[in-house]
Amino acid sequence: MHSVRLVNRAKIILALDKSTERKKETHHTIATRLNVSYQTIHDTKKAYLNTKNTTEFLQRKKRTTPPVAPKITGETEAHIIALAASKAPEGYAKWTLRLLADKSVKLGYADSLSHMSVKRVLKKTQLKPHLKTTWCIPPKHNAAFVAAMEDVLTVYARPYDAKRPVVCMDEKPYQLLEDAYIPLAIRQGCAEKVDYKYIRHGTCSIFLFNEPLGSWRHTDAMPRRTKVD
């Protein structure tokens, strides 16, 4: 087994080799075929020409300094996760990233800790202390709510009847946006450049009608959302 970096370097050098009789490729073509950037092709070629030993060029460079120990160990991550799952401090409705970082340092979990480090820890475990998962539970002793909900569920459970179709409808407001600048064509091997400036042309309402059991759907866009619409 070899690293991806070594394999990619070997493929790039073989593709750039002009001593073979195969069809010559441009740097952009090679970048597209190997799924790497144009800059990677250029840097690999430059490094190869400046290296006397091909084997040394392909292999990973030997480390001259000892590896730096990670600031956040598995034990530290466990403490941060347990802290995020606990009740927020008095005076706060919820934990924030900065609160978790400051509290972790105060409790001695780490000598220093930034809120971005805490964010990476929580992202790995998909924890979001600022959000709460809730369910739509009917109010206590609200029989009317439960009865109405059961009526709706009963309609969805009906068998297919062409004379009495079950049609679902939903509506969503949508912004009409236009690019402020004309997008530039993308060159092969280069990342797409996105401009976030836009021109706003008002809003519209998108209506969707769907008959799940009848395999029928209709979509319509309206300039407004009134009772008649």
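**Close-up views of a predicted model**

**View 1. Overall fold.** Along the sequence, the elements run α-α-α-α-α-α-α-α-β-β-β. That makes 8 helices and 3 strands (DSSP runs numbered from the N terminus: helices are H or I, at least four residues; strands are E, at least two). The model is predicted: local features need pLDDT of at least 70 and side-chain atom pairs pLDDT 80 or more, while totals for chains, interfaces and linings use all residues. Residues are numbered from 1 along each chain as its sequence is written, and side-chain values use heavy atoms, without hydrogens and water.

**View 2. The largest nonpolar core.** This core has 13 residues (buried Ala, Val, Leu, Ile, Met, Phe, Trp, Tyr and Cys, joined through side-chain atoms within 4.5 Å; buried means under 20% relative accessible area, exposed over 50%, partly exposed in between, with a 1.4 Å probe and protein chains only). Ile 80, Trp 95, Leu 100, Leu 113, Val 118 and Leu 122 touch the most other members. Helices H5 (74-84), H6 (97-106) and H7 (115-125) each give two or more residues to this core.

View 3. Of the protein's 229 residues, 16% count as buried.

**View 4. A nonpolar surface patch.** Phe 145, Met 149, Val 152, Leu 153 and Tyr 156 form this patch (nonpolar side chains of Val, Leu, Ile, Met, Phe, Trp or Tyr joined within 5 Å, in residues with over 30% relative accessible area and no salt bridge; a salt bridge puts a side-chain nitrogen of Lys or Arg within 4 Å of a carboxyl oxygen of Asp or Glu). Together they have about 470 Å² of accessible area (Shrake-Rupley method, 1.4 Å probe; for residues, only the protein chains shown count as cover). Val 152 belongs to helix H8 (residues 143-156). Val 152 counts as partly exposed because its relative accessibility is 44%.

How values were computed
Patch = residues over 30% accessible without salt bridge, like charges linked within 9 Å, V, L, I, M, F, W, Y side chains within 5 Å.
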